[in-house]
Amino acid sequence: EAITSAKLGVDCVSTTLAGYTSYTECLEGPNLELIKMLVKDLDIPVIAEGKINTPEDLKNVYEAGVYSAVVGSAITRPQLITKKFVNAIEI
């Protein structure tokens, strides 16, 4: 879809739904293989978005060559952050 969108003339693409659709692999973190492929194959900015849950994830997407990155629920949904801590100590 990103490649088709680029051919249609969009200014940038994003990985927003990678891992959230029935036809994409659901990974714990961002799909770095997809990001690297898009960065390599497209001449427009690639924005990493989705499943960036840790500072390491953010570092990895920038190392993969993205123009920018969006960190969403990892910092904007305190209930998810709290749940991770609770799950870590539940017996």
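A cavity is a set of points, on a 1 Å grid over the protein atoms alone, where a 1.4 Å probe fits but cannot get out, and lining residues have an atom within 4 Å of a point. This legend set describes a predicted model, in which local features need pLDDT of at least 70, side-chain atom pairs count only at pLDDT 80 or more, and totals for chains, interfaces and linings use all residues. Residues are numbered from 1 along each chain as its sequence is written, and side-chain values use heavy atoms, with hydrogens and water left out.

View 1. The search of the whole structure finds one cavity of 30 Å³ or more. The largest cavity holds about 30 Å³ of space, a volume being the space filled by probe spheres set on grid points that are joined across faces, edges and corners.

**View 2. The three-stranded sheet.** The protein has five helices and three strands, which follow one another from the N terminus as α-β-α-β-α-β-α-α. Helices (H or I, at least four residues) and strands (E, at least two) are DSSP runs, numbered from the N terminus. The strands form an open sheet in the order β1-β2-β3, with parallel pairing. Because β1 (13-14) and β3 (68-70) stand at the edges, each with a single partner strand, one side of each is left without a neighbour in the sheet. Two bridges join β1 to β2 (residues 46-49) in the parallel sense; strands pair if DSSP finds at least two bridges between them. Valine 13 stands opposite valine 46 in β2.

**View 3. Two salt bridges.** A salt bridge is a side-chain nitrogen of Lys or Arg within 4 Å of a carboxyl oxygen of Asp or Glu. Aspartate 41 and lysine 40 meet in one of them, at 2.9 Å from N to O. Aspartate 41 is partly exposed, with a relative accessible area of 39%, and lysine 40 is exposed at 67% (buried means under 20% relative accessible area, exposed over 50%, partly exposed in between, with a 1.4 Å probe and protein chains only). Glutamate 63 also forms a salt bridge with lysine 59, where the closest N and O atoms are 3.9 Å apart. Both residues belong to helix α3 (residues 55-63) and lie four residues apart, about one turn of the helix. Glutamate 63 is exposed at 56%, while lysine 59 is partly exposed at 45%.

**View 4. The largest pocket.** A pocket is an open set of points with protein on both sides within 12 Å along at least five of seven lines. The largest pocket contains about 360 Å³ of space. Of its 18 lining residues, Glu1, Ala2, Ser14, Thr15 and Leu34 are the closest to its centre. At least two lining residues come from each of α1 (2-7), β1 and α2 (32-41). The lining divides into 11 nonpolar, six polar and one charged residues.

**View 5. The second largest pocket.** This pocket has a volume of about 300 Å³. Among its 16 lining residues, Tyr20, Asn53, Ser73, Ala74 and Leu80 are the closest to its centre. The elements giving two or more residues to the lining are α4 (73-76) and α5 (78-89), and α5 supplies the largest share, five residues.

Technical notes
Nonpolar A, V, L, I, M, F, W, Y, C, P; charged D, E, K, R; others polar.
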